Amino acid sequence: MWRFDSEMNPATWKAVDSPASATLHDVVGTAHGPCAVGGRGLVLGRSSDGTWGVVVENGPGARGRTLYCADATDDGERVWFGGASGALGCYDLRERRRTDFSKPAGLGNALRGLAVTGERGSEKLLASDGSGHTLPGEMTSGALDWEDPRRPAGDTALTAVCSDRDGVGYGTDSNGNVWRTTAEGWDRIGVAGAQNSFYAASVAADALVVGGGNGRVHERRPPGGSRGRGSRPWTPYTLGSFTVEALAQRGERLLAGGTSGSIYVRRVGREWTGVGWPGSKTILGVAVGDPGVAVGKNGTIVEPVSGGD
């Protein structure tokens with residue numbers, strides 16, 4: 001007889017009340033609860049009583065530009081977000097203050113990917129735009145210092161970026177490639193024979209996970225070293241007949257979301273398990289935490305009923 005953990009039960013997730021009708025494109029965990037970003041420059045936050053509210057109503061520059069990506073500092077005290085027309089900024093959760101850093105290094109293209117490493121005040125950023133540029137930057141004395149932009153995949157845009165605690169960046173593209181930053185720029189590290197576009201990436205202490213078309217997810221775990229050279233081969237998984245749009249992980253817990261309202265959960269060493277909830281809106285962002293959260297089209301917010309993920 002099959003045995004399921006209670007938090008893996010397909011009936012334990014549901015849509016919750018959302019203060020937004022605009023699409024939510026990403027969500028990230030912080031020290032003060034999860035934050036989601038989306039259309040019209042909205043930044044939403046979840047309070048300790050489980051209700052969601054508006055933290056920022058019109059983006060970093062008060063121009064209402066759609067926000068596509070978000071990440072938080074390692075201490076969870078500052079959330080960063082990027083979006084249309086080079087919109088880029090942060091919200092200091094402790095001081096309740098918004099700061100605008102839009103059009104980094106003069107680039108005004110839509111920012112589609114954003115990764116943050118380090119604690120508030122000394123964080124490093126990796127941003128990617130819709131024209132193939134990647135842009136590393138570092139916060140110093142309240143100002144962002146940017147390095148020269150690079151194009152690891154040529155004119156092909158990176159579809160997702162992430163970075164580990166050491167500041168090593170990773171990216172995916174629509175041609176089934178995975179990229180890793182080096183001292184000289186970027187190196188391609190996979191995935192041989194992928195045959196699917198990638199749209200999502202997540203890295204943690206012991207795993208790099210990417211996903212995309214046809215429900216395919218590829219995982220790479222090191223044999224005790226870094227996720228670069230010497231790593232084990234990529235392990236493929238097929239979650240279902242949908243497109244994986246979002247991935248997140250923390251500790252031994254992983255979360256995936258995508259088209260047709262698909263949400264999947266997994267613990268290291270176990271198989272991916274589909275989550276049932278009464279909805280079919282595309283999921284565009286996921287975050288592992290207490291609770292886990294998935295967000296998507298038309299302001300959709302989905303959470304496990306009993307907490308966890």
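# Notebook: an all-strand chain, looked up piece by piece

**Overall size.** I started with the radius of gyration: a compact globule of 309 residues would come out near 19 Å, and the chain has 18 Å, so the two agree. For the record, that radius is taken over C-alpha atoms, and the globule rule is 2.2 Å times the number of residues to the power 0.38. I then looked at the C-alpha trace, which spans about 60 × 45 × 30 Å along its principal axes.

**Ground rules.** I am working on a predicted model, where local features need pLDDT of at least 70, side-chain atom pairs count only at pLDDT 80 or more, and totals for chains, interfaces and linings use all residues. I number residues from 1 along each chain as its sequence is written, and side-chain values use heavy atoms, with hydrogens and water left out.

**Secondary structure.** I counted zero helices and 28 strands in the chain. Helices here are DSSP runs of H or I with at least four residues, strands are runs of E with at least two, and both are numbered from the N terminus.

**Burial.** How much of the chain is buried? I get 57% of the 309 residues. Buried means under 20% relative accessible area, exposed means over 50%, and partly exposed lies in between (1.4 Å probe, protein chains only). The areas themselves come from the Shrake-Rupley method.

**Salt bridges.** I searched the whole structure and found 11 salt bridges. My cut-off is a side-chain nitrogen of Lys or Arg within 4 Å of a carboxyl oxygen of Asp or Glu. The background is simple: side chains of opposite charge can pair when their charged atoms come close.

I looked up E303 with R46, which meet at 2.9 Å, N to O. This pair links distant parts of the chain, with E303 in strand β28 (residues 301-304) and R46 in strand β4, 257 residues apart. E303 is buried because its relative accessibility is 5%; R46 counts as buried at 17%.

Next I checked E77 with R94, a salt bridge at 3.5 Å, N to O. Here both partners sit in loops: E77 between β6 (67-72) and β7, R94 between β8 and β9 (97-100), and they are 17 residues apart. Is each one buried or exposed? E77 is buried, since its relative accessible area is 11%, while R94 is exposed at 52%.

Then I took E219 with R266, where the closest N and O atoms are 2.8 Å apart. E219 is in strand β20 (residues 216-220) and R266 in strand β24 (residues 263-267), 47 residues apart, so I note another link between distant parts of the chain. Both are buried: E219 has 5% relative accessibility and R266 has 4%. I also traced a network in which salt bridges that share partners join R78, D92, E95, R97, R120 and E123.

**Negative patch.** Which residues gather in a patch of negative charge on the surface? I find E138, D145, E147 and D148. Such a patch takes residues with over 30% relative accessible area and no salt bridge, and joins like charges within 9 Å. Asp and Glu count as negative, Lys and Arg as positive, while His and the chain ends are not counted. I place each charge at CG of Asp, CD of Glu, NZ of Lys or CZ of Arg.

I noted a cis peptide bond joining G190 and V191, with omega about 0 degrees. V191 lies in the loop between β17 (186-190) and β18 (198-204). The peptide bond from D290 to P291 is cis too, with omega near 10 degrees, and P291 is in the loop between β26 (283-287) and β27 (293-296).

I also looked at positive phi in residues other than glycine. R40 has phi of about 65 degrees; its loop runs between β3 (35-38) and β4 (43-46), and R40 is partly exposed because its relative accessibility is 48%. S85 has phi near 55 degrees, in the loop between β7 (78-83) and β8 (88-92), and at 31% S85 counts as partly exposed.

**Last check.** I looked up G76, found in the loop between β6 and β7 and buried at 6% relative accessible area. G76 and G299 are 223 residues apart in sequence, and 23 Å apart in space, C-alpha to C-alpha.

Key:
Patches are made of residues with over 30% relative accessible area and no salt bridge: like charges are joined within 9 Å, nonpolar side chains (Val, Leu, Ile, Met, Phe, Trp, Tyr) within 5 Å. Accessible areas come from the Shrake-Rupley method with a 1.4 Å probe; for residues, only the protein chains shown count as cover.
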